[in-house]
Each structure stands twice: as C-alpha cells, then as structure tokens.
Amino acid sequence: MTAKLIDGNQLSQELRAEFRVRVDRLRSIGVTPGLAVVIVGDDPASKVYVRNKARACEAIGMHSEVHALAASTTEAELIAFISRLNTNPAIHGILVQLPLPRQIDSRAVIEAIAAAKDVDGFAYGNIGELVVGESLFPPCTPFGAMKMLEFAGVAVEGKHAVVIGRSNIVGKPMALLLLHAGATVTVCHSRTRDLAGIVRQGDIVVAAVGKPRMVTADMVKPGAVVIDVGINRLPDGKLVGDVDFDTVKEIASWITPVPGGVGPMTITMLLSNTLKAAETAAGIRATRADTRIG
Ligand code: NDP
C-alpha cells in the first residue's frame, strides 16, 4: 500500500482563504483582528517561528505586532507588558513564544494573559475547558492535527488512537481532542513498555516525541492513519519527523509529511483562534454552542 498524503500546506491554503473572507467581514464592521506575539531573548528558532506567524496574519488581512523584549526582561516587567496588551482593544490574541529565559516563570506569564485572548490555549482556564470539551481555543498543534484528519475524511469515532508523547502542548491535548471525537485513546511516553506492540494496535497513530524517524514500518498496523507532529533537524540540516516516512508510507493508508504537514497547520490554527477571539469580541460569536471542538 502507498499511503495518501495529508498535505498541510494545501489544507492551510484552503482554510486561510476562508479566514480571509471572515477577516473582511470583521473589517467591514470596523474590527481588524489583531495578534500580538511577544518574544523574550534571542533564540534563533523562536525568531523564525515568530516571523512566520506575523507574516501569516498579514497575508490574510489581520493586524500583527511582534514585541521583541531583551533577554534580561524580568517576570514582573513581562507580566506588566502583557497586562497592557490585555486591555488594548486592537489586540484580540496574545501569544508568548516559549521557551522563556530562566528568570521567568512561564506558568505565571501564561496565566497573566486574559482568558479571552489566550489563543495558544495554554492557560489553566482553557485547559479546563478543553477537558470538558468546550474549548474556544484548542491548542494549535493538536487542533491542526484534528483538522487534517477531518480533511482526509478519516472517521475518528470508534477508532483506537495511539498518541506517542504526553507533553502539555501536544500529547495531552491531542489525546483529549481525539477522546472528544469518539476515539478510544492510548497515550504512550518514555516509560511505556512495549511501545511497538501498542502503536501497532493503533488505527490512528500520532507521533509527538522529538526523536527522528523513531516510528518505523514494523510498528504500524497496515492501513493505519499516521500523523507526524515531530520536527527534528538532522546534522546535515534536513528536517524530518518522528515517523520513518519512506517505509511507513508503504504501510499506512494516510500519512502527513514533514515538512509540509502539521507544521503549517499549527500556524493556521493560531489564525483560526485569533479570528475566533476577534469574532467573539465583536459579538459575532455569541454562544458557547458554536465553540465546541470538532
Ligand atoms: P516534549 O519533549 O515536551 O515531549 C516529548 C514526549 O515524548 C514526552 O511525553 C516523552 O515522554 C515522550 N518520549 C520521549 N522519548 C520517548 C520514547 N523513546 N518513547 C516514547 N515516548 C517518548 O516535546 P513536545 O511535545 O513539545 O514536541 C514533540 C515533537 O513535536 C518535537 O519534535 C517538536 O519539535 C514537535 N512539535 C511540532 C510542532 C508543530 O507545529 N508541528 C509544535 C510543537 C512541537 P515523557 O513524558 O515520559 O518524558
């Protein structure tokens, strides 16, 4: 079997075209959706991510601001900065690029973001809503992975989904989104015994580990749907996922590539969450009923 590709670039383009229409509708009533991205310090990878997010906003007519603060910024200074963004009516979404320098408690900073502007979905309030299945802002990476399943027409209900990785930003929220979609979910991590045996039971496999090509063809059930969240740079500079794409594509029914898979979808869902925040602030999204995941 040669798997069909779930193309994150193509899906992103389609979704972003829809978002542009929604942005235009908001602008016609005097609201330009705005995202503020705050970066502290000089991490080169973070700078690239931040630039890509800002460009993606501008490409669909949204306002974006990048605030680059010095590596020596204190926690109190950063929280005061966020408080000003919280009350700025031109800003609907606030994203603080992680990781933060050591002197800053990331949790304290995330909790300082107003709930209505927490478009990354990392604050406790949002996590609670995610647990009960009513999140306005599902975390962008797993939300993007769910959209990819939807796009491919994969019926999640009743399937056995195996998530490898239990981080707060990918593995755990991914497991919750799959659970809400009706999957039976197994979450694997570094202490899991017989990882290969468990992954082989998965109708859907989501790899979010950070280990290049660790999911090999012998670990995958024929016909499984494989979502590769991993982004790993090899010594030769090549980007690869957590899945051994070349061999697994011969076994799976659907597979996401790296690059061009979940990566672009993460930014797309950030745009989606920011747009939702602006629509909510403008009174276009009045009820929680239309904020359900899925
Ligand atoms: P973390 O390092 O926070 O989590 C990795 C998880 O993998 C942990 O739960 C860890 O288990 C588990 N793990 C580590 N080794 C093994 C192993 N040998 N077998 C089974 N499980 C293992 O990473 P993130 O969740 O932040 O990111 C995961 C990957 O996704 C990375 O490659 C990252 O670059 C990528 N990523 C991609 C994004 C995108 O936009 N596409 C966005 C965010 C991340 P334990 O908890 O026991 O330590």
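Predicted model: local features only at pLDDT ≥ 70, side-chain atom pairs only at ≥ 80, totals over all residues.
A residue counts as near a molecule or strand if one of its heavy atoms lies within 4 Å of it. By that criterion, 22 residues surround the ligand, and the closest are Arg166, Ser167, Ser190, Ile231 and Thr266.

Residues are numbered from 1 along each chain as its sequence is written, and side-chain values use heavy atoms, with hydrogens and water left out.

Let us stay with the ligand. What classes of residue form the shell around the ligand? There are 10 nonpolar, 10 polar and 2 charged residues. Here Ala, Val, Leu, Ile, Met, Phe, Trp, Tyr, Cys and Pro count as nonpolar, Asp, Glu, Lys and Arg as charged, and the others, Gly among them, as polar. The largest share of the shell, 3 residues, comes from helix 10 (residues 262–281). Helices (H or I, at least four residues) and strands (E, at least two) are DSSP runs, numbered from the N terminus.

I turn to individual atoms. A polar side-chain atom of Arg166 lies 2.7 Å from an oxygen atom of the ligand. For Thr266, a polar side-chain atom is also placed 2.7 Å from a ligand oxygen atom. Ile231 instead brings a backbone N or O atom to 3.1 Å from an oxygen atom of the ligand. The protein covers 69% of the 930 Å² of accessible area that the ligand has on its own; such areas come from the Shrake-Rupley method with a 1.4 Å probe, and for residues only the protein chains shown count as cover.

Next, the chain as a whole. Its secondary structure comes to 10 helices and 11 strands. The radius of gyration is 19 Å, close to the 19 Å that the globule rule gives for 294 residues, so the chain is as compact as a globular protein of that length. That radius is taken over C-alpha atoms, and the globule rule is 2.2 Å times the number of residues to the power 0.38. Along its principal axes, the C-alpha trace spans about 50 × 40 × 35 Å. Buried residues make up 51% of the 294 residues, where buried means under 20% relative accessible area, exposed over 50%, and partly exposed in between (1.4 Å probe, protein chains only).

Is Thr73 buried or exposed? Thr73 is buried, with a relative accessible area of 8%, and it lies in the loop between strand 3 (63–69) and helix 3. Lys147, in helix 6 (residues 140–152), is buried as well, at 18%.

Finally, I draw attention to the backbone. A cis peptide bond, with omega about 0 degrees, joins Leu98 and Pro99. Pro99 is found in the loop between strand 4 (93–96) and helix 4 (106–112). Another cis bond runs from Val258 to Pro259, with omega near 0 degrees, and Pro259 lies in the loop between strand 11 (254–255) and helix 10.

Asp194, although not a glycine, has a positive phi of about 55 degrees. Asp194 is exposed, with a relative accessible area of 54%. Arg213 has a positive phi near 55 degrees, and it too is a residue other than glycine. At 35% relative accessibility, Arg213 counts as partly exposed.

How values were computed
Polar contact = N/O pair within 3.5 Å; in protein donor to acceptor, adjacent residues only side chain to side chain.
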